Amino acid sequence: MPLTVDDVDRFEVSRPRMEAIAYRLLGSAGEAEDAVQETFLRWQAADVDRIEVPEAWLTKVLTNLCLNQLTSARARRETYVGQWLPEPLLAGDPMLGPADTAEQRESVSYAVLTLMERLSPNERAVYVLREAFDYPHREIAEILDITEAASQQIFHRAKKHVADGKARTEIDKAAARRIVEEFLAAATSGRTEPLVRLLTQDAISIGDGGGKVPARAKAFEGAVAVAKFLRGLFKPSEAKRALAGGVPEIYAWTANGDPAVVAVVDGRVIGVMCLEVTVEGIAAFRNQVNPDKLERASAHWAGVGHGEPLFNGF
């Protein structure tokens, strides 16, 4: 029986929430959209008149599709070229989802999305549904076909795994811009010392080029090593401009709620560098340069006002 207009509307009302859940689970906007579309096809094939609580039914279908995707993604990432990082979402992207509480904002931060790669698919699902969307354990248990007690245990274990790896500081938009400006001033000074002063002693820098753009397979570790890498990264050269396809415009922005550096060539985002800021300083730089993971960022960038770049880089 074909869906009625009301049936389609009921699905569309849930779409933003489902996309936000799927993105947190998968770390990929494209895969999240695919999972939501597959959920719609399941909705289309179902006898919707017999579904008492559409939101619960849709969430269960979507979550289990994502769990299957996560299981296969783990196998694919074993053959991924270099480091794997999530797809960054720029400020204002609706897929970032709810941001009313500190827990919701933290659950979509780039650092936490990266840390969630340590979790099993079930741990990730329980963590996201509980921490970001405040689902009660009773409902999570029904979604995952586990007991309520198991859901609680999985959540506490997942939260500990994520908390063990982070000491993130919440920053407002104005402070984020100041941090990025200060960082860029140090990175373009031509000296290592100003950068070292901004970093934690155990700072790291990780890049994801997906085998399509050069990115070091092993992370840089330690303030001095990271500072030397960043000083070199922002040193202009013809080779870098040729690789970028022009002279990048460098902007201070936010991505996934974190301070970020956005590099743009001819309106196309070619790099997003997310900064993880703690009370001790900048603890991590996660650099997404894989063009496949920047298509949504480029589309979003084209639709927002972003003012003048801080400078033209490389």
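This is a predicted model: local features need pLDDT of at least 70, side-chain atom pairs count only at pLDDT 80 or more; totals for chains, interfaces and linings use all residues.
Two rings of Phe, Tyr or Trp count as a pair if their centres lie within 6.5 Å.

**First stop: α1 and α2.** Select residues 5-26, helix α1, together with residues 29-45, helix α2. Their axes come within 8 Å and cross at roughly 145°, and the crossing is right-handed. On the α1 side, show the contact residues, among them F11, M18, Y23 and L26; on the α2 side, the partners include V36, F40 and W43. The residues of this contact divide into 11 nonpolar, 2 polar and 6 charged.

**Second stop: Y127 and F155.** The whole structure holds 8 aromatic pairs. For one of them, select Y127 and F155: the ring centres are 6.4 Å apart and the planes lie at 25°, so the pair is stacked. Y127 belongs to helix α6 (residues 121-132) and F155 to helix α8 (residues 148-164), so the pair ties together parts that are 28 residues apart in sequence. Y127 is buried, with a relative accessible area of 2%; F155 is buried too, at 7%.

Select F183 and F234 next, an edge-to-face pair with 5.9 Å from centre to centre and 80° between the planes. F183 sits in helix α9 (residues 173-187), while F234 sits in the loop between α11 (223-233) and α12 (238-244), so this pair ties together parts that are 51 residues apart in sequence. Both F183 and F234 are buried.

Key:
Residues are numbered from 1 along each chain as its sequence is written. Side-chain values use heavy atoms; hydrogens and water are left out. Axes are lines fitted to C-alpha atoms, for helices over the stretch in contact, and angles run from 0 to 180 degrees between N-to-C directions. Helices (H or I, at least four residues) and strands (E, at least two) are DSSP runs, numbered from the N terminus. A crossing is left-handed if the near helix is turned anticlockwise from the far one by less than a right angle, and right-handed if clockwise. Contact means heavy atoms within 4.5 Å. Ala, Val, Leu, Ile, Met, Phe, Trp, Tyr, Cys and Pro count as nonpolar, Asp, Glu, Lys and Arg as charged, and the others, Gly among them, as polar. Rings of Phe, Tyr and Trp (its six-membered ring) pair if their centres lie within 6.5 Å; planes under 30 degrees apart count as stacked, over 60 as edge-to-face and the rest as tilted. Buried means under 20% relative accessible area, exposed over 50%, partly exposed in between (1.4 Å probe, protein chains only).
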